[in-house]
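I opened this structure to go through its sheets, helices and cores. My notes follow in the order I looked things up.

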Amino acid sequence: MKIPYKIYLEESEMPMHWYNVRADMKNKPVPLLHPQTKQPMTLDELSQVFCCELARQELDDTTAYIPIPQEIRDFYKMYRPSPLVRAYCLEERLGTPAHIYYKFEGNNTSGSHKLNSAIAQAYYAKMQGLKGVTTETGAGQWGTALSMACSYLGLECKVFMVKVSYEQKPFRREVMRTYGASITPSPSNTTEVGRKILEQFPETGGSLGCAISEAVETASNLDGYRYVLGSVLNQVLLHQSIIGLEAKAAMDKYHIKPDIIIGCAGGGSNLGGLISPFAGQKLRGEADMRLIAVEPESCPSLTRGTFAYDYCDTGMICPLSKMYTLGSTYMPASIHAGGLRYHGMSSVVSQLYADGLMEAVSVPQTKVFEAAELFARVEGILPAPESSHAIRVAIDEALKCKETGEEKNIVFGLTGTGYFDLYAYKRFNDGEMSDYVPTDEEIAASVAKLPQI
């Protein structure tokens, strides 16, 4: 059967439920712990930080399928279902017998997959009668998506943007401002935790952990506000499962069985969303395939981190999660994949990795941009630096198939576009980009500060 260049689902085929992979996990992620008492967080305690319904979703590890409210489905119809694309031109350039597919999530104004959870979290905030929300953003995709969702629903939105990305990507912050959000580079002098971080690391470019701390502190000091997060949490992976559900439905439609599924890994939102339905198949013994997480060598939480309880933020005011972590005090190098500069990993992804259900690999920045450039030249889309980590390993796996002659089906997540990342592409094209690999001593020093649980 000839597989079309782009596989589209009909609007009626768009999933009506999110899939909660925790329901099928034999070893479920252990509970979040209260930052002061170190006891499991209750629904009431989580509801002081998150919207009530989102807190319930965070704690639910038994319900496999959770209905998507009609209002959210109506919003999804603006840009979903998103296409599953056969990369025929890339296959031809590589001379590989492998079949390469990518699930394209950049076909919306925010430019990435982040809108899938942003509209859900904004919707539940609106239903609760809140005035607004606070959040962090790394490269800016999540902040853009949340700004767009809040504008649509009439909510205020305060965004703390990692300082290095705030400086490298000025146009991304202008999109957020266009949607009515207020943007603060993090760490900042506007919060107590920000001032403490600047005192300890005066020259820092910031990190997602820093920005999270500032957003949580700000939400706690404002009436009618709650904090929302773009990655890491169970609720976010739940919303992002629509990526994997659509990808699976499209492949089933053409009787394609994936052999390898690849996603970039920062906090775990797009990776978890893409692999969840396939991980569910593995957990239920219905199918088997390789699941690969790709992270930057400069921030290798899975490949070089420790599986332990750690704070989700640098300021140590958020709940503790058991995850693969480099330590909440770890300050990643200022690489251009800002969305992957996080010290830890989703507890769901971490548990799947600990149980041997998925693999992880880290790649250097220059090799990532080499893959991004090749992809742009032959497939016609300029990919985000984050997405390009998955492209790098998809190419590597396709070249292995070229050596062995195996005709494998390789699927990767193209999480977003890179049109706001031209500063990074300029540095690569000018030969000014370099790689950074943390030493064992750097990581050990940070991990040594993990809380003793």
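Before I list partners, one term: I take two strands as paired if DSSP finds at least two bridges between them. The model is a predicted one.

**Entry 1**

I began with β6 and β7. In β7, Glu-156 is the bridge partner of Gly-132. Cys-157 of β7 is the bridge partner of Val-133. I find six bridges between β6 and β7, and the pairing is parallel.

I then looked at the link between these two strands. β6, helix α6 (residues 141-153) and β7 form a β-α-β unit, and the unit is right-handed.

Next I went to β9. Strand β6 (residues 132-137) runs parallel to β9, joined by three bridges. Val-133 has Arg-226 of β9 opposite. Thr-134 has Tyr-227 as its bridge partner in β9.

β7 also pairs with β8. I see five bridges there, again in the parallel sense. Ile-183 in β8 is the bridge partner of Val-159.

What is the order of the four strands in this open sheet? I read it as β8-β7-β6-β9, with parallel pairing.

How many residues of β6 are buried? I count six of its six residues as buried, and the strand is mostly covered. In a regular strand, side chains alternate between the two faces of the sheet. In β6, Gly-132, Thr-134 and Glu-136 point one way. Val-133, Thr-135 and Thr-137 point the other way, and all of these residues are buried.

For β7, five of the seven residues are buried, so the strand is largely enclosed by the rest of the structure.

I also checked the helix lying across these strands. Helix α8 (residues 170-178) lies across β6, β7 (156-162) and β8. α8 runs at about 170 degrees to β7.

**Entry 1: helix α10**

Helix α10 covers residues 208-220, 13 residues in total. From first C-alpha to last, α10 reaches 18 Å, close to the 18 Å expected at 1.5 Å a residue.

Why do I call α10 largely enclosed by the rest of the structure? I do so because 12 of its 13 residues are buried. The buried ones include Leu-208, Cys-210, Ile-212, Glu-214, Val-216 and Glu-217. I then asked what the buried residues of α10 pack against. The list is β6, β7, β8, β9 and α9 (192-200).

**Entry 2: the seven-stranded sheet**

I moved on to an open sheet of seven strands. Its order is β1-β4-β5-β15-β10-β11-β14, and the pairing is mixed. β1 (6-7) and β14 (359-363) stand at the edges with a single partner strand each, so one side of each lacks a neighbour in the sheet.

I looked closely at β14 and its pairing with β11. Strand β11 (residues 290-296) and β14 run parallel and are joined by five bridges. Ala-360 in β14 stands opposite Ala-293.

Which residues have the most contacts inside the largest nonpolar core? I noted Trp-18, Ile-72, Tyr-76 and Leu-352, in a core of 72 residues. Leaving out residues up to four places away in sequence, Leu-352 touches Met-25, Ile-275, Ala-279, Leu-283, Leu-357 and Met-358. Another core lies apart from the largest one; it has 35 residues, among them Val-368, Ala-390, Phe-428 and Met-433.

Helix α14 (residues 347-354) has six of its eight residues buried and is mostly covered.

**Entry 3: Lys-400**

Last, I looked up Lys-400, which lies in helix α16 (residues 385-404). Its relative accessible area is 44%, so I class Lys-400 as partly exposed. Thr-96 is 304 residues away from Lys-400 along the chain, yet their C-alpha atoms are separated by 8.4 Å.

Terms used:
Residues numbered from 1 in each chain as written. Predicted model: local features only at pLDDT ≥ 70, side-chain atom pairs only at ≥ 80, totals over all residues. Heavy atoms only, no water. Contact = heavy atoms within 4.5 Å. Axes fitted to C-alpha atoms, helices over the stretch in contact; angles between N-to-C directions. Expected span 1.5 Å × (residues − 1). Buried < 20%, exposed > 50% of the residue type's maximum accessible area, 1.4 Å probe, protein only. Right-handed = clockwise from strand over helix to strand, strands pointing away. Core = buried A, V, L, I, M, F, W, Y, C linked by side-chain atoms within 4.5 Å.
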